[in-house]
Amino acid sequence: MAEELTFPSEWATSLEPRLPPSQPGSSIAPTSRPFVTLTFATSLDSALSLAPGVRTRLSGPASKSMTHYLRSRHDAILIGIGTMLADDPALNCRLAGAASLPRPILVDPTLMWEPRWEDKVLEVQRAGKGLAPYVLCAKQLDEVPSGHRDVLEKHGGKFISCPTSEPGVDGGQRRFSWADILQVLHKENLASVMIEGGGQIINSLLHPSNHQLIDSVIVTIAPVWLGRGSVTVSPDRVQDEHGTAVPAARLSDVSWHPMGEDVVLCGGLQG
């Protein structure tokens, strides 16, 4: 198993205004959705990875420890199916002395992930170092292969049928909206969620239609350029009522925090 990590208390204090107001594991907040933190690591050319499906390490040791501190402060960690298949992540918290473990959430509308005993996220659950994921799918539960359900449920995870309310592209399968997803998490008594990626998920949340759903944005910027052809953070173009291009998103209440060779940028999207 990977070693435990530590995070300096002075850095933790500097991030406190950006984090959920209560500790993980508390009762559900009296709101209609969880507290949402959008966080990811990017290169100087706004890239997440060298190419689709290619695992690319960007964060240095200091900001990596910060990621695990953030996980310790949230009830859940959410990623998309692309990240799951590309990285086989453990999705746990390795912070020394962490009071609770976050619940992994996998957005997998068409059931592309096939749970296996050797998956890291299930290995760490068996070792008592993490929790098994909840998988949000667009299928009815009786459509999930029984073998997949058995493996996941034996580890304490489960499949959850999530409603689809947004039309698909070119008449394709209908999609989850972020309101759908957050409502499901709220019903599961998860008061806070840390959304880590991948690119499609990050870009969709940065569209103006979803800004009101995000409480905090925390971005690690690594001192590297990945080059053309990389997977980038670049939300869809936005136009005003006159058809003129305008910025898709801009952070407010910004603060910058050097951590090792990286810089962590914090802000909000709600004005």
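**Close-up views of a predicted model**

**View 1. Helix α2 lies across strands β1, β3, β7, β8, β12 and β13.** The helix runs at about 145° to β7; axes are lines fitted to C-alpha atoms, for helices over the stretch in contact, and angles run from 0 to 180 degrees between N-to-C directions. Contact means heavy atoms within 4.5 Å. Helices (H or I, at least four residues) and strands (E, at least two) are DSSP runs, numbered from the N terminus. The model is predicted: local features need pLDDT of at least 70, side-chain atom pairs count only at pLDDT 80 or more, and totals for chains, interfaces and linings use all residues. Residues are numbered from 1 along each chain as its sequence is written, and side-chain values use heavy atoms, with hydrogens and water left out. Helix α2 comprises 12 residues (61–72) and reaches 17 Å from its first C-alpha to its last, close to the expected 16 Å, that is, 1.5 Å times one less than its number of residues. Of these 12 residues, 10 are buried (under 20% relative accessible area; exposed is over 50%, partly exposed in between, with a 1.4 Å probe and protein chains only). Among the buried residues are Met66, His68, Tyr69 and Arg71.

**View 2. An open sheet of 9 strands has mixed pairing.** The strand order is β6-β5-β4-β3-β7-β1-β8-β13-β12, where two strands pair if DSSP finds at least two bridges between them. Strands β6 (158–161) and β12 (252–259) stand at the edges with a single partner strand each, so one side of each is left without a neighbour in the sheet. Neighbouring strands are turned by 20° against each other on average, direction ignored. β12 pairs with β13 (residues 262–268) in the antiparallel sense over 6 bridges; Ser255 stands opposite Cys266 in β13.

**View 3. The largest nonpolar core contains 33 residues.** A nonpolar core is a set of buried Ala, Val, Leu, Ile, Met, Phe, Trp, Tyr and Cys residues joined through side-chain atoms within 4.5 Å. Leu38, Leu78, Ile181 and Ile195 touch the most other members. Elements that each supply at least two residues include β1 (35–42), β3 (76–80), β7 (192–197) and α7 (199–205), while α6 gives the most, with 5 residues. Apart from this core lies another, of 17 residues, among them Ile77, Leu91, Leu106 and Trp113. Leaving aside neighbours within four places in sequence, Leu78 is in contact with several residues, including Ile105, Val107, Trp178, Ile181, Leu185 and Ile201.

**View 4. Ser49 is placed in strand β2 (residues 47–49).** This residue is buried, with a relative accessible area of 11%. A polar atom of the Ser49 side chain lies 3.1 Å from the backbone oxygen of Ala51. Beyond its neighbours within four places in sequence, Ser49 is in contact with Val54, Thr56, Leu226, Ser230 and Val231.

**View 5. Asp88 and Leu91 have positive phi values although neither is a glycine.** Phi is about 45° for Asp88 and near 55° for Leu91. Asp88 lies in the loop between α3 (81–87) and β4, and Leu91 is placed in the loop between α3 and β4. Asp88 counts as partly exposed, at 23% relative accessibility, whereas Leu91 counts as buried, at 3%.

**View 6. The peptide bond from Gly197 to Gly198 is cis.** Its omega is near 10°. Gly198 is located in the loop between β7 and α7.

Technical notes. Polar contact = N/O pair within 3.5 Å; in protein donor to acceptor, adjacent residues only side chain to side chain.
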